[in-house]
Every structure is written in C-alpha cells, then in structure tokens.
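This report concerns one protein chain and its ligand. The sequence and the structure are shown first.

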Amino acid sequence: MSTDDIRRPATFSTVPVDIATDELSDAALARRLATDAGKLLLRIRAELGFAETATLRETGDARSHQLLARALGRHRPDDVVLSEEAADDPARLGADRVWIVDPLDGTREFSEPGRTDWAVHVALWERGELTVGVVALPALDLALSSADPPRERRADTTAPRLVASRTRSPRIVTEAAEALSATIVPMGSAGAKVAAVIRGEADIYLHEGGQYEWDSAAPVAVARAAGLHTSRLDGSPLRYNQPDPYLPDLIVCDPAYTERVLAVTRARSVGADGAAPA
Ligand SMILES: Nc1ncnc2c1ncn2[C@@H]1O[C@H](COP(=O)(O)O)[C@@H](OP(=O)(O)O)[C@H]1O
Ligand SMILES: [Mg+2]
C-alpha cells in the first residue's frame, strides 16, 4: 500500500506503515516520511477547515506524529524516536541511532488559512552527530534534504534579511537588526525559517528564549549540508540527543554573516529566557 492511499475523510484512521521502504536509505526514508506526513497534514487542513483552531492543531500534531512513529517503528525497529508529541524515552540516551522528529512545526501557522510557513521535521542522530535531516514544507510542495541540499544563496551582503519568529520575536533579533542594518522578516516555524535561509530568501535566522531539539534538528542538518553556519548564540555547537532536549537559542546564517552575527550575539550574555543581562 502506498502512503498516498490513506484518504479517509474525517477519521484519518489509516496509518501508512506498509510502504516498501525497508530497502531505502535513511535519507530516502526520512524524505518519504516527511513528505507523506505533509500530505496527510494538507488533507487534514482541507477536510477539517479552519473554524475549530484547537481541533485542527491537535489533530495535525497527533496524526502526523502517529504516521511518523508507526512508520519508524516498523521500518527502523531498533532505533529510538524523540518526538515533540510523545513522552521522552530514556532509552535514547544509550542508543546509537535516534530519530528526532517534529511532526508539525509551526502548528499555529498550520491553523491559519493561506499560510505556508509550517513544516514536518525528520532527522536522524547517530553516535553524536546529526547524519540526516529533511524539512518538508507541504504547503509549498517542497522537501529539503541533507542528502541533496539546495545552494541558491545570493552574494550581496550589504542589506541582510533577518528571519525571526512572527509571534515570539526575541530581543536579540531587534538588537542584531539594528547592529547589522538588517531587515526583519517575520515568519512562523523554525523549519520554514531555516528553509528560507537555505533557499536564499533570507540571510540570517536568530532565536533565543526557548526551543527544543525537535524544532531545529532536521533544519540544522539540512543547513549544515548546504554549507550554512549553525551554532548557539555564543558560537558553541548545537548538540542533539542530550539528556534535556531543551535547546533554547540558535543561529543559522550564510557564512558571509557569521563573524558579524557572532560579534553581536557574543557581545552580551544571554539568559535562557532571552532577557538582557542585569
Ligand atoms: N520561547 C519558546 N519556548 C518554547 N518553544 C518555542 C519558543 N519560541 C518558539 N518555540 C517553538 O519553536 C517553533 C517555531 O516557533 P516560531 O514560529 O515562534 O519561530 C515552534 O514549534 P512548534 O510549532 O512545533 O510548537 C515553537 O513552539
Ligand atoms: Mg516545532
């Protein structure tokens, strides 16, 4: 059965676990699952509509998680899954392979008509490193993969475009925009924002004040493969499959901006809540 065969109006009860994916590489499997979860989310959006926001968000989060978790359980039964939508499995800390997934990143934007800034994230962490990442942007019919990253960035570095949360833009964003003479581009979803930098629609993504590993693992894997700079605001590496999956801040930028961005973000100490130093 194909994952495209799951058109079950209203109930969405069938989960596509019978796809012939056992022979696929990890990267191909990640792309397939992120794409299929995205198609499911598009159907849920179309069939439920936008009147009941909470129901739409909950259904999207839950059904996308169910699709990913069941498919990974079936096709990679020895691996552990860390998902925003499931209890943390302590087995991941002793595992060699952990899939880090955000079944619906940008849940808020998913529930607003016409918005395309929401994503499905599927990443694989192996023995200390992210080795695979796929960010699907279902409403744009796109899936960006670490196996085949786009490299469409622009060379002009005089007027950077700084993409940031449209609903929780942290203080560092206004500080950096001022220091770098950057234009702020508000957007939902960490995956959509990183995708905008990867695709050359923005130059810098900054965040602080709260995020979890699933918000950035797949986007960062693709960004690294595309040759972008990725780090914490203090310049230290972003590390995944940590005991506490809270990973509150990050920089993803074109390497042309790395020095200038780090000069701003390192200039002050940053609290986990994004507060400026006392
Ligand atoms: N201060 C914060 N604390 C926890 N999570 C945050 C956060 N700011 C952003 N995020 C998460 O990061 C993702 C992108 O957020 P934003 O669109 O505001 O940039 C969202 O993921 P989810 O949609 O998967 O929950 C959001 O919940
Ligand atoms: Mg998220």
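## Model and domain division

The structure is a predicted model. Its chain is divided into domain 1, spanning residues 3–145, and domain 2, spanning residues 161–265. Taken over C-alpha atoms, the centres of domain 1 and domain 2 are 22 Å apart.

## The sheet β1 to β5

One open sheet is built from five strands in the order β1-β2-β3-β4-β5, and its pairing is mixed. Strands β1 and β5 are the edges, each pairing on one side only. From one strand to the next, the twist averages 15 degrees.

Within this sheet, β3 and β4 are antiparallel and share seven bridges. His121 lies opposite Val135 of β4. Val135 also has a bridge partner in β5, namely Leu144. The pairing of β4 with β5 is antiparallel and comprises four bridges. These two strands, β4 and β5, form a hairpin with four residues between them. In the turn of that hairpin, Asp141 has a positive phi of about 55 degrees.

Helix α2 (residues 53–75) lies across β1, β2 and β3, and runs at about 155 degrees to β2. Helix α6 (residues 213–225) lies across β1, β2, β3, β4 and β5, and its angle to β4 is about 95 degrees.

## The sheet β6 to β10

A second open sheet also has five strands with mixed pairing, here in the order β7-β6-β8-β10-β9. Its edge strands are β7 and β9 (229–231), each of which pairs on one side only. The average twist from one strand to the next is 20 degrees.

Parallel pairing is found between β6 (residues 161–165) and β7 (residues 183–187), which are joined by five bridges. One of the bridge pairs consists of Val163 and, in β7, Val185.

Antiparallel pairing is found between β8 (residues 204–207) and β10 (residues 250–253), over four bridges. In this pair, Tyr205 stands opposite Val252 of β10. Helix α7 (residues 258–265) packs on the sheet and touches β8, β9 and β10. The direction of α7 makes about 160 degrees with that of β10.

How many residues does each domain give to the contact? Domain 1 contributes 30 residues, and domain 2 contributes 24 residues. On the domain 1 side, the elements that give two or more residues are β1 (80–83), β2 (97–105), α3 (107–110), β3 (119–126), β4 (129–137) and β5 (142–145). The largest share of this side comes from β4, with six residues. By class, the side of domain 1 that touches domain 2 has 16 nonpolar, five polar and nine charged residues.

Helix α6, numbered 213–225, falls within the bounds 161–265 of domain 2. Helix α6 lies across β1, β2, β3, β4 and β5.

## The surroundings of the ligand

Ligand 1 is surrounded by 15 residues, and the closest are Asp105, Thr107, Ser165, Gly188 and Gly210. Which domains supply the shell around ligand 1? Domain 1 and domain 2 each supply at least three residues. By class, the shell has one nonpolar, nine polar and five charged residues.

Ser165 belongs to β6 (residues 161–165).

Definitions and conventions: Residues numbered from 1 in each chain as written. Chains lettered and ligands numbered in written order. Predicted model: local features only at pLDDT ≥ 70, side-chain atom pairs only at ≥ 80, totals over all residues. Pairing = 2+ DSSP bridges. Domains from an automatic or database assignment. Contact = placed C-beta atoms within 7 Å. Nonpolar A, V, L, I, M, F, W, Y, C, P; charged D, E, K, R; others polar. Near = placed C-beta within 6 Å. Axes fitted to C-alpha atoms, helices over the stretch in contact; angles between N-to-C directions.
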